[in-house]
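Okay, hi everyone, thanks for coming.

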Amino acid sequence: MTKPLDVITIGRAGVDLYGAQIGGRLEDMASFDKYIGGSPTNIACGTARLGLKSALISRVGNEHMGRFIVEQLAREGVETKGVVTDPERLTALVILGIRDQEQFPLIFYRENCADMALCEDDIDPEFIKSARSVVPTGTHLSHERTRAAVLKALTIARENGVKTALDIDYRPNLWGILGHGDGESRFAESAEVTAQLMSTLHLFDLIVGTEEEFHIAGGSTDTIAALRAVRAVSNATLVCKRGPMGAVAFEGDIPDSLDDGQTGPGFPIEVFNVLGAGDGFMSGLLKGWLDGEPWPTALKYANACGAFAVSRHGCTPAYPSWEELQFFFERGIIQPDLRNDAELEQVHWATNRHTRPGAQADVLRTFAFDHRMQLEEMDGYSLEKGGAFKELCLEAALKVQNGETGYGILCDNRIGRSALHRASGSGLWIGRPTEDPGSRPIQFEKDLGIDFGRFKEWAVEDVVKLLVFCHPDDDATTRALQEERVLRLFTAARRAGLEVLLEVIPSKVGPVDDTTTATLIQQFYDAGVYPDWWKLEPFKTDAAWQNAVNAIERNDPRTRGIVVLGLDAPEAELAESFAMAAKQPLVKGFAVGRTIFGDAARAWMKGDMTDAEAVAQMAERFTRLCNVWDTARADARLNAA
C-alpha cells in the first residue's frame with residue numbers, strides 16, 4: 001500500500017553558521033553562511049532531494065531562526081507537520097568552520113534549545129503510521145524527555161509495520177561527556193552511553209554508524225567485537241562507515257574482517273569538508289533501502305552522496321538531487337574537486353534551486369518598473385519623487401497579486417530602493433537590474449562594486465537582471481568584451497547564490513531575422529553563461545520563437561524559462577505578441593513596464609494625478625495584461641490539444 005510519506009526523521013533541528021573563510025581558525029572567521037542543520041534535518045532534506053517523501057519531527061523556537069528552518073524545509077520539499085514551534089526556547093545554533101582536511105572546529109549552542117524539548121506529546125501516532133520508515137538519530141536518546149519521545153515513535157512504528165533505522169550520530173559533548181570546546185570530537189568512551197544505546201538497538205531494522213560510533217554502541221574499541229556486541233542484541237542490518245574506504249553492510253553474523261561485508265563502489269574525490277558527510281551518506285542509503293535495492297547498490301548511492309558532501313561547503317546545500325546523482329554515475333568523475341567541476345555544478349544548481357517567491361512552474365506575470373533613465377527624463381522628476389512613484393508601482397503590483405503566486409516585479413536599487421526593500425518577503429518574484437541604462441558595451445551600476453562584491457548585500461530572493469544590447473554582427477572586440485563582462489557578473493551572482501535573468505535586445509543594434517536571437521543565445525552559452533531566466537523581445541514569427549527555444553533547450557534543458565518584454569508597445573500589439581509567445585511552453589509570461597506605468601508616471605510627476613489614481617490606473621492595466629496573457633496561454637493549450 002502506498003503511504004503519504006517514505007521517511008520521518010526525528011531529532012535535532014538547528015541553524016548552521018558556516019565560516020566563509022577556509023583554512024583559518026574559527027576565532028578568526030569574519031563572515032558566515034547560514035544553512036539549516038542537525039543530522040535529522042539534513043537527512044530529511046537529503047532524502048527529499050533524492051525523490052523520497054520526507055518529513056521531520058522536531059522543535060524550533062518561535063523566532064526568526066525557527067521560521068527560517070520551517071520555511072527552508074518547505075522549500076526543500078520536506079513535510080513540516082511534525083515540527084513544533086516552542087514558545088519558550090530558542091532554536092539551536094551551531095558555529096563551525098573548515099580549518100583543513102583534518103580539523104573542522106564547531107561549537108554547539110544547544111543549552112535548553114527547542115529541539116531538546118521534544119516530548120511524547122509531540123509524537124502523533126497517525127503521523128508515524130503514515131510513513132514507510134522512521135529514522136531517529138542518537139542525540140535524542142541522550143535525555144530522558146527526548147528519549148521517551150523517540151521510544152514512543154519506535155513502538156508505534158514497529159506495531160504498525162513501519163521500518164525503523166538509527167543513525168548513531170555520536171557527539172560526546174551532546175551526551176555531556178565532553179565540554180563545549182570539544183564539539184569537533186567524535187569519540188569518547190562512556191559505559192553509560194553504551195548502556196543507553198544497547199537498550200534500544202533491538203528496536204531497529206537498520207543501524208548505521210562509523211567505526212567509532214559502533215565502538216560506543218557496542219562498548220569496545222575493537223570494531224569487530226563492537227559489531228558482534230550490537231548483533232547480540234539486534235537483528236538489524238548493520239552498516240559501518242569506513243571513511244575513504246567506503247562502507248560495509250552486515251545482514252547476519254559478523255565475520256572476522258570488515259572486508260568480508262557487502263560493499264558498494266567508492267568515489268575517489270578531494271576531501272574539502274567532512275561535516276555533514278554522514279548525513280549525505282545516510283540519505284543515499286535510505287533511498288536505496290526504501291527502494292528495495294540490494295545493499296551494494298544502496299551503498300553506491302550512499303558513497304556517492306557522501307562524496308558530494310565532502311567536496312562542497314555546507315551540509316544540506318551540498319547534497320545531490322536524484323537527477324544530479326544519475327548524471328554523476330553516467331558521466332563519471334572528471335575532476336576530484338567536485339565543487340569546481342563546472343558541468344556538474346550547473347546540474348547541481350539547476351536541479352536543487354527552489355521555486356522563488358511569486359513564481360510558479362508555468363506562469364510569471366511581471367510588472368517591470370526598474371526603469372531609471374526613462375523616469376529621469378520626465379518633467380517634474382526628482383530622486384525623491386522617483387522613489388515615491390516606485391512605491392506606488394509596488395502598491396499596484398501587490399494589489400493585483402492579492403496574495404497569489406505567479407506575479408513578479410522588476411525594480412531597481414538606485415531610484416526604487418525603498419520599494420525594492422519593501423517588496424522582500426511579499427511573495428512577489430523580484431528581479432533587480434545591474435546594467436547602467438543604455439550602455440553598450442555593457443557597463444554596470446556602480447553600487448555593485450567593481451568586483452560585484454555587493455551581491456552579498458542583496459536579499460537572497462532577488463534575481464540578478466542584466467540587459468545587453470548585442471547583435472551577432474558585432475565586431476569581435478565588442479562581442480568579446482560584452483561576453484567577458486556578462487560572464488564575470490554571472491559567475492559572481494552564482495557564487496552569491498543568486499539567480500540570473502539575461503535580457504538580450506538585438507533589434508536596437510541592427511536588423512533582425514528568425515535566427516538573430518537564437519544565435520545570440522548560443523553565443524552566451526558558448527561563453528559559459530547559463531541564465532536561470534531569459535527575457536526576450538517579442539518575435540514576429542513562430543520560426544523565430546522556435547529557434548530561440550531550441551537554442552535554450554539544447555544547451556540548458558533545466559532553465560527556468562523565458563519572459564517576453566514589452567518595449568513600450570500598445571496593449572493591442574502586446575496581445576498579438578503574447579498569442580504567439582504563449583504557444584511555447586518554455587515562455588512563462590511577460591515583463592512589461594511603460595505600457596503599464598508610462599501615462600501614470602508622466603501625469604503624477606507633474607501633479608496631474610493623485611497617488612490613489614496612479615495606483616488604480618496601473619493596477620487596472622497590469623490586470624488587463626495578466627488576463628491577456630492567461631487567455632493567450634489557455635488558447636494555446638486548447639489548440640495544442
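Let me start with a question: which residue lies over the face of F272? That's R339, at 3.9 Å from the ring centre. Before I go on, please keep in mind that this is a predicted model.

There's another charge sitting over a ring here. The charged end of K385 is over the ring of W604, 5.9 Å from its centre.

Okay, on to rings that pair with other rings. When you describe a pair of aromatic rings, you give the distance of the centres and the angle of the planes. How many aromatic pairs does a search of the whole structure find? It turns up 22. One of them is W429 with W533, an edge-to-face pair with 5.7 Å from centre to centre and 75° between the planes. What I like here is where the two partners come from: W429 belongs to strand β16, residues 429-433, while W533 belongs to strand β19, residues 533-536. They're 104 residues apart, so to speak, and the pair links distant parts of the chain. And are these two buried or exposed? Both W429 and W533 are buried.

Next, have a look at F590 and F622. Their ring centres are 6.3 Å apart and the planes stand at 90°, so this pair is edge-to-face. F590 is in strand β21, residues 587-592, and F622 is in helix α20, residues 611-640, so the pair ties together parts that lie 32 residues apart in sequence. Again, both F590 and F622 are buried. These two also belong to a cluster: ring pairs link F367, F369, Y407, F578, F590, F622 and W629.

Let's stay with α20 for a moment and turn to helix packing. For two packed helices, what you quote is the angle between their axes and the distance between the axes. Helix α13, residues 383-401, and α20 have axes that come within 8 Å and cross at roughly 45°. That makes α13 oblique to α20, and the crossing is right-handed. Which residues meet there? From α13 you have F389, L392, C393, E395, A396, A397, K399 and V400. On the α20 side there are D611, A614, V615, M618, A619, F622, T623 and C626.

Helix α1, residues 39-49, is where you find N42. α1 packs with helix α8, residues 277-290, at an angle of about 45°, with the axes 8 Å apart. That makes α1 oblique to α8, and this crossing is right-handed too. S39, N42, I43, G46 and T47 of α1 meet D279, M282, S283 and L286 of α8.

Let's zoom in on N42 itself. Why does N42 count as buried? Its relative accessibility is 2%, and the cut-off for buried is under 20%. Leaving aside neighbours within four places in sequence, N42 is in contact with I36, G37, D279, S283, C315, T316 and Y319.

Last stop: E483, in helix α15, residues 476-495. At 15% relative accessibility, E483 counts as buried as well. Not counting residues up to four places away in sequence, E483 touches Q523, F524 and A527.

That's my tour, so over to you for questions.

Key: Residues numbered from 1 in each chain as written. Predicted model: local features only at pLDDT ≥ 70, side-chain atom pairs only at ≥ 80, totals over all residues. Heavy atoms only, no water. Phe/Tyr/Trp six-rings, centres within 6.5 Å; stacked < 30°, edge-to-face > 60°. Helix = DSSP H or I, 4+ residues; strand = E, 2+ residues; numbered from the N terminus. Buried < 20%, exposed > 50% of the residue type's maximum accessible area, 1.4 Å probe, protein only. Lys NZ or Arg CZ within 6 Å of the ring centre and 35° of its normal. Axes fitted to C-alpha atoms, helices over the stretch in contact; angles between N-to-C directions. Parallel < 35°, antiparallel > 145°, perpendicular 65-115°, else oblique. Left-handed = near helix turned anticlockwise from the far one by under 90°. Contact = heavy atoms within 4.5 Å.
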